[in-house]
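Here is a friendly walk through a few local features of a multi-chain model. Have the viewer open and follow along.

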6 protein chains.
Amino acid sequence: MSATLDGYTSFKHFLISSPAEYVAHVEINRPEKLNAFFEDMWLEMGQVFAKLSHDPNVRAVVFSGAGDRAFSSGLDVQAASQGGVLSPAGTSDGSRFATRARRHIYEFQDSISAIEKCEKPVIVVLHGISIGLAIDMSCCADIRICSKDTRFSVKEVDIGLAADIGTLSRLPKIIGNHSWVKEVCLSARFFDADEALSVGFVSRVLENKVKAIEAATTLAVLIASKSPVAVQGTKEILNHSRENSVADSLRYTAVWNSAMLQSSDLSAAMLSGIKKTKPRFEKL
Amino acid sequence: MSATLDGYTSFKHFLISSPAEYVAHVEINRPEKLNAFFEDMWLEMGQVFAKLSHDPNVRAVVFSGAGDRAFSSGLDVQAASQGGVLSPAGTSDGSRFATRARRHIYEFQDSISAIEKCEKPVIVVLHGISIGLAIDMSCCADIRICSKDTRFSVKEVDIGLAADIGTLSRLPKIIGNHSWVKEVCLSARFFDADEALSVGFVSRVLENKVKAIEAATTLAVLIASKSPVAVQGTKEILNHSRENSVADSLRYTAVWNSAMLQSSDLSAAMLSGIKKTKPRFEKL
Amino acid sequence: MSATLDGYTSFKHFLISSPAEYVAHVEINRPEKLNAFFEDMWLEMGQVFAKLSHDPNVRAVVFSGAGDRAFSSGLDVQAASQGGVLSPAGTSDGSRFATRARRHIYEFQDSISAIEKCEKPVIVVLHGISIGLAIDMSCCADIRICSKDTRFSVKEVDIGLAADIGTLSRLPKIIGNHSWVKEVCLSARFFDADEALSVGFVSRVLENKVKAIEAATTLAVLIASKSPVAVQGTKEILNHSRENSVADSLRYTAVWNSAMLQSSDLSAAMLSGIKKTKPRFEKL
Amino acid sequence: MSATLDGYTSFKHFLISSPAEYVAHVEINRPEKLNAFFEDMWLEMGQVFAKLSHDPNVRAVVFSGAGDRAFSSGLDVQAASQGGVLSPAGTSDGSRFATRARRHIYEFQDSISAIEKCEKPVIVVLHGISIGLAIDMSCCADIRICSKDTRFSVKEVDIGLAADIGTLSRLPKIIGNHSWVKEVCLSARFFDADEALSVGFVSRVLENKVKAIEAATTLAVLIASKSPVAVQGTKEILNHSRENSVADSLRYTAVWNSAMLQSSDLSAAMLSGIKKTKPRFEKL
Amino acid sequence: MSATLDGYTSFKHFLISSPAEYVAHVEINRPEKLNAFFEDMWLEMGQVFAKLSHDPNVRAVVFSGAGDRAFSSGLDVQAASQGGVLSPAGTSDGSRFATRARRHIYEFQDSISAIEKCEKPVIVVLHGISIGLAIDMSCCADIRICSKDTRFSVKEVDIGLAADIGTLSRLPKIIGNHSWVKEVCLSARFFDADEALSVGFVSRVLENKVKAIEAATTLAVLIASKSPVAVQGTKEILNHSRENSVADSLRYTAVWNSAMLQSSDLSAAMLSGIKKTKPRFEKL
Amino acid sequence: MSATLDGYTSFKHFLISSPAEYVAHVEINRPEKLNAFFEDMWLEMGQVFAKLSHDPNVRAVVFSGAGDRAFSSGLDVQAASQGGVLSPAGTSDGSRFATRARRHIYEFQDSISAIEKCEKPVIVVLHGISIGLAIDMSCCADIRICSKDTRFSVKEVDIGLAADIGTLSRLPKIIGNHSWVKEVCLSARFFDADEALSVGFVSRVLENKVKAIEAATTLAVLIASKSPVAVQGTKEILNHSRENSVADSLRYTAVWNSAMLQSSDLSAAMLSGIKKTKPRFEKL
């Protein structure tokens, strides 16, 4: 039903469609393996979101997993331990092992951070199994929605390591309840949709995956109907303020808007507000 | 019923009264225009809160809007686009437009930040329409209470711009649920009192505006009955810690208290605790 | 029932036992005075947690108060005002008073911060009266659990001072609802277990103290069954990310894991995951 | 010889003239008292620099002291101890003394910081006695030049206090040699022009005051001949980068220039570069 | 004389050779245009340094310009204004111009920052004309050496803009004398090798370009003879400490070395110290 | 000639005397081994400076090495590799090695940082061999003086590791010339007193050790004659400002002085200034 989105057909591990004007839908496409990730996949994912970031035809992104069973079961541990990120092979020297591991981790982190760096809002829809890397990726999204059947876990301690692709860096910043954050990160226990809602990890729970995708798309369509100058500035400033003092953030905002107020979007938005018409905004 | 507060009669756009000893009540006084703001108003508001900040007769502030329909409908967009902050006129050079816009925004931000900088706790009572600038102002208050009929919206994207007077700088710091913060800021959708309570934007919802003002006043009276040295130090340190590391905050607190423990308030407070009497604290 | 833990018998004010392998239980042991603290006690507490931090036989800590009436009623104000921290005696010179007060406060803060610096996760169980210093200490714990009868208060303004041992530095960082944080800190009002749960100060409420201790111990046992390399890294990185930008936190995480991935725990954890056996991890 | 500058005649303690187009010269005008400062003077100075900051007729500022004997001998200690900043009178309560002192110091600091916040470059010319507050003010200037006879001292420890108006906050950031910074701040010893040059406190020493003023004016004229968009952006970004990470500074710079590149100054500057003519830039 | 370095022959705008084991020499290769840069060149430069960063055959890098007349005359302004970075064409909407400009600047900055991010020490040799972008690039290098004939200028204000590729972000951090930094950045005046040495912009001046290259190569050979684990860790930690508090830097250093002390380089280095032999270190 | 200082006789590795009232002289006392350090020594040094920090009889500290040949040759590498800090023995698991190494390094860093944390100014006198740990310690001192024969080296890369006890964290903050900092840290080359002076690592060079000690003592006597409230506040604020923004530093300074201006030292200092007498200040 969704239209294809021009320029994304060469990607192998992700389905990219356009369910509505200015809205992109990215699906992790390895359902037979519960959308588990290996190195090629995350490198490609970084490229997908970098492309969406500058694509003038995209103003909001929905991100989900293909298939019914899982958003993602996280890292494909088998692949990772066979010559992958968990086994920088061929050295017995601790410092050289560490150097290669560090480079691997940076590259991996960069691919995932591309979701956060994407200039357009990203709405992630979690469903089914959503563990490990699934949490790292969700923390990079702007808005988190899930279906009732989602089974979440910050799973990394169960494979003997501290999560290093972003969950531990972002979760304490996007959720207020640190007692809960520590509890789920230290115990690797599962939690369900209701618990995720009550602590504010997701802002909405829908009956099932289909409804969740619908809700996300509706929200994406709403956001995409607004001025892209306003929307993208809002995302940028919210992310900036998360990590800077109020004084620094106010200053950055003023400098940002000193350029961005020079926009035809203001008069277009105001006029359509008065005339009760749908505004059209120039591409960005 | 409220007594007048000495020294505030010259203000034009705000009603300032004293419902109880050491408590001030500030009302935005343009109900016929839903308490919408134009430049003169916010400049005056900055002066009101600067004066309250150092006024020894004030130990807690209640802040609300006059009239039944709105706490505030935000910026008076019509005024703003006619020679106001949204139209720094008389230049076609982008860099010169930007320079004037930046100076305008700084001045506007400073006026609103005066609420946060006020040394005395500020309890804001939201009611009716509370959008745009209403949110910017509320984020500067220490405590947020609202009536059941409040209709909130971070409205700025609907007029084609990213909010630049403080909402985007403060909201992610005062609410834990970032998925929700992003949702309401990016979509400009309305939310009601119950939603505001559930995500922690307000800490209490009352039946109607009258009851909300009552509750805020009762809380203000309680706070005003405590040692002003203790109360104002608590506000200062909480705001400082919001933006500094725990180590820096602990150090700042120790230096702060090394002066403030030299206070007659300690013995007064302890004595009244033992004697079950109401303590009297020297003016501050 | 609990076994003793080797090496902790010389402590006077705290009971330290081991309810399960790799789990320590620390009890404040002054129940006849509602577990109120005087200087000797907090200095000793700093030593207890410093020792637990490096003890290879400990992988998780439960922290509670002895007796049924109180986790802790906070500072023993009587002791403090008789030659204690609230009365740095023997000087009328303000700057010299301040210098001694500052040194006192730093020493006190350091003792309490030892809970946070402990490399092993600390689960605090609050019960009964839990005010003043009880809140400072709880904020340093990783996970907060309480019994239904807990009566909380950030009590310091009632004795005429701004809390300076950590509550004001940590509370705004571990709870999302700042309106509520300000309300309870500025008013010193009591709040109960349900309110504590709803704002996310605790992540679980149990029927009574016995059940709360049981729940905490069960959770501690679960955490202690995981790789200590993974668990302690997770605590460290979560605390680091709370106060650093995402970019800095990601970098720190990568450097941390470049060393910590060189662990036999990974293969042990993965193997036991496949074989469905309980892994054994080398001491740390 | 200097022309007067429109709009500055009402200032009492400062002479403001215009030695060349777009250049302002501010002189501290209390030579009979070695240009020592009392409260009225620094409040006025704050206003002078705030006005220069937005004055489109000013693109560079020279700042010096009237008379031959002193740039400034600093705080008028006699005035300060008679009801001034060093004696917040009328209280014996340490915490209330501290509160008033703090407010005094903030106000004083703000007046001096106006030199730094002035959007136009400020070149200070030091000469003769230049101690205490003279150093605080100089540290706020962008460029420091002096005459051979200048006698400098960070004098505050000699009156029993740590300098609190800015020297200790800025000196370690504008000079690389911290061993020297500590030496002069802790000992209050005098240093001369050659020493100031060798450690980089001043970037030039001239034969006498007349020549130093000439050199400063020549440099101001040169700077004033450049694009004000380029010059003021350069000052802003250099000050920003002094206190932010390289990554934050690069980001801020890009956002700044995204607005400021939309300037007719670029083509004007380039054209005049090619044609070897003097460019004219629109007012800013 | 220099050997070629495997894997770098496909680069078009840079000559990359190996004057000694483990030493790479990168030369900007557009001498006929004074090594001025256009977009293709800086993108390629980013790739060159990214490759050197991970190349196990490289332990130190010398960076210079081909030809006798210039290290680099900076941005090729003609190219930049014809469809290049200074003219994001095809839009009259200020906010859209700004968006494209911002993306351009980020990409440009990233290419230059690759010099700083290169894990191996980079020694830049400045000679002849070295202005604009030449300064941006030099600030990214670890060590700056120049020949007597070098003519430096932070030239950007002369073309009507604030330097935005890194000079203003880095210069105040690598030189102590801020009065001088402001002077040269605000005036765009030229300065020579002696002045550069006296303010610490370069740490050595050689008679001519040949001697400067020799000196740089000798230093690179010396550095390349040391343990690469020690050298690369030293660069990383020095860059980290430049922008973090001492406490954070000490912590980062400890975590870094907890991995890097697990190196055969320690015993190799110590043994060769005792035996007075030249140590051999494993590739990194 | 120097008097003994009460309370320091139990220290084994350091000679502590009092050459003048309120001045302490600390000498590293292992001249037969060039004052090289093993673990017991640095732990004791931490205790020495912690004690001096709060000792009311000490207002300034001179720090040097006993004997003529060396201030210190740094870490006793032989001791360190035989069961010391460089060989956390008894584990082949990389993550467990790392954990022990990290704890070792923190403890070592803390001992050295005690010099910086000492509330009294510390003047270090370098002489003869001054390498490795000698530089780490000197960077913690406030003022650095040396004799002509000093031979400096940041020696760590020569033993295969990045310096991790503080040199790399502090050197870029106390010296402006980063090109030189990188050069000496990456090459481990020696530099002499004149070079140290020219880059600002030391602020004075004296003919020989005796003269250097004399000069340091004279400076210490001068500093000790000033108000200890003023001197210790100056040290504290300078160290704070080194790592905080100007705005944060100004705020911290105001809060600090709000307590410290309540000092009898102000009137004592002013009076003695008028009467030309030597002031006496109460102990601190």
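## Terms and conventions

A crossing is called left-handed if the near helix is turned anticlockwise from the far one by less than a right angle, and right-handed if clockwise. Helices here are DSSP runs of H or I with at least four residues, numbered from the N terminus, while strands are E runs of at least two.

This is a predicted model, in which local features need pLDDT of at least 70 and side-chain atom pairs count only at pLDDT 80 or more, whereas totals for chains, interfaces and linings use all residues. Residues are numbered from 1 along each chain as its sequence is written, chains are lettered from A and ligands numbered from 1 in the order in which they are written, and side-chain values use heavy atoms, with hydrogens and water left out.

## Helices α4 and α5 in chain D

The crossing of α4(D) and α5(D) is a left-handed one. For helix α4 (residues 133-140) and helix α5 (residues 167-174) of chain D, the axes come within 9 Å and cross at roughly 50°; axes are lines fitted to C-alpha atoms, for helices over the stretch in contact, with angles from 0 to 180 degrees between N-to-C directions. That makes α4(D) oblique to α5(D). Angles under 35 degrees count as roughly parallel, over 145 as roughly antiparallel, 65 to 115 as roughly perpendicular, and the rest as oblique.

Which residues in α4(D) and α5(D) meet? From α4(D) come Ile135(D), Asp136(D), Cys139(D) and Cys140(D), and from α5(D) come Thr167(D), Arg170(D), Leu171(D) and Ile174(D). This contact of α4(D) with α5(D) divides into five nonpolar, one polar and two charged residues. In this scheme Ala, Val, Leu, Ile, Met, Phe, Trp, Tyr, Cys and Pro are nonpolar, Asp, Glu, Lys and Arg are charged, and the others, Gly among them, are polar.

## The pair in chains B and F

In chain B, the axes of α4 (residues 133-140) and α5 (residues 167-174) come within 9 Å, crossing at roughly 50°. α4(B) passes α5(B) in a left-handed crossing. The contact (heavy atoms within 4.5 Å) involves Ile135(B), Asp136(B), Cys139(B) and Cys140(B) of α4(B), together with Thr167(B), Arg170(B), Leu171(B) and Ile174(B) of α5(B). Helix α4(B) is mostly covered, with eight of its eight residues buried; buried means under 20% relative accessible area, exposed over 50%, and partly exposed in between, using a 1.4 Å probe and protein chains only.

In chain F, the axes of α4 (residues 133-140) and α5 (residues 167-174) come within 9 Å and cross at roughly 50°. Helices α4(F) and α5(F) are therefore oblique to each other, and α4(F) passes α5(F) in a left-handed crossing.

Is Arg280(A) buried or exposed? Arg280(A) is exposed, at a relative accessible area of 54%, and sits in the segment after α11 (264-275) of chain A. Beyond neighbours within four places in sequence, Arg280(A) contacts Glu21(A), Tyr22(A) and Ala268(A). The side chains of Arg280(A) and Glu21(A) are joined by a polar contact of 3.2 Å. Such a contact is a pair of N or O atoms within 3.5 Å; within protein, one must be able to donate a hydrogen and the other to accept it, and residues adjacent in sequence count only if both atoms are side-chain atoms.

Asn244(E) lies in the loop between α9 (228-242) and α10 (246-260) of chain E and is buried, with a relative accessible area of 14%. Its side chain reaches the backbone oxygen of His240(E) at 2.8 Å. Leaving aside neighbours within four places in sequence, Asn244(E) is in contact with Asp248(C), Lys173(F) and Glu243(F).
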